Amino acid sequence: MMPRTVVIAGASGFIGSYFRRRFLEEGWQVRTVGRDASADAQWDDDGAITKALDGAELLVNLAGRSVNCRYDEKHRREILDSRVLTTRALSRAVAACAQPPRTWINSSTGTIYRHAEDHPQSEVSGELGSGFSVDVARAWEDELAAAVVPATRKVPLRIAIVLGAGGVMSPLRNLARLGLGGHMGPGTQKFSWIHVEDLFRAVVFIHADAGVAGPVNAATPYPVDNRELMSLVRQSMGVPFGIPTPAWLLEAGAVLIRTQTELVLKSRWVEPRKLLDAGFSFQYPALAGALNQIAKGKADPSLT
């Protein structure tokens, strides 16, 4: 039997490298699109991207510059272009395929919803927010919607903060290690998250279930507030206490470490209504279990 083929765009990052390994473990053939010399196709070569996509059954686009930076003009342009222009390049390539992928899952972000401490934001009832991050998310999803690829199901995946050994966990664990692992700002802001393994499983699930239409929220049904998040981070590391960080100090510190306070102060409350209604079950629904797995995952090369 011919192996099933997936194309991962943006496969060199924390999530992409995890996905690549997991698809290979599940017996898939993996092709990649990216900036790395090792990628099967580079972003500036439409012909090579089309060749990589032709005959593949699934396209997963994870490309996008990290948002963990100061939002100056240069970084804003890079953040927007790295999402919109890569989606546009894939659109051209899929349209040119003789055998286009059956499913195209394109990253989006749970940050598209407004700051919410009152109730969760589902795909149907959620209210979109405002500001730079939301503008980027809208432009990203609009670019996918504009793709004329009638034989391919397009699903924007509104991903919450992804947990694994890498990504956002590294700075949080470093703060806890330094004794600064208390709550940040008011501590009441919601933290919607998903374990990287559940994100992988959700992508495979959506591809297998043609009835799931986008946008789809990728987040655990059990978010926590920032106070509980930092408490659980400390517990998973065996750190007994952490000094809280008021919002004004975060603002000053964010300038020094060249990031945005929005990443920790915005209340993201994302509800995975479509996944739950379709019968998806989370392997890591609760944060304590996810953090313990990450803390103990040293034997797993993807979690170091």
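Modeller: V7 stands opposite R31, a residue of β2. The model is predicted: local features need pLDDT of at least 70 and side-chain atom pairs pLDDT 80 or more, while totals for chains, interfaces and linings use all residues. Numbering runs from 1 along each chain as its sequence is written, and side-chain values use heavy atoms, without hydrogens or water.

The strands here, β1 (residues 5–9) and β2, run parallel and are joined over five bridges; pairing takes at least two DSSP bridges, and a strand is a DSSP run of E with at least two residues, numbered from the N terminus. Strand β2 spans residues 29–34, and five of its six residues are buried, so the rest of the structure largely encloses it. Buried means under 20% relative accessible area, with a 1.4 Å probe and protein chains only.

Now to the side chain you asked about. R158 belongs to strand β6, which covers residues 153–159. R158 counts as buried because its relative accessibility is 7%. Its side chain makes a polar contact with the side chain of E141 at 2.8 Å; such a contact is a pair of N or O atoms within 3.5 Å, one able to donate a hydrogen and the other to accept it.

Definitions and conventions: Helices (H or I, at least four residues) and strands (E, at least two) are DSSP runs, numbered from the N terminus. Buried means under 20% relative accessible area, exposed over 50%, partly exposed in between (1.4 Å probe, protein chains only).
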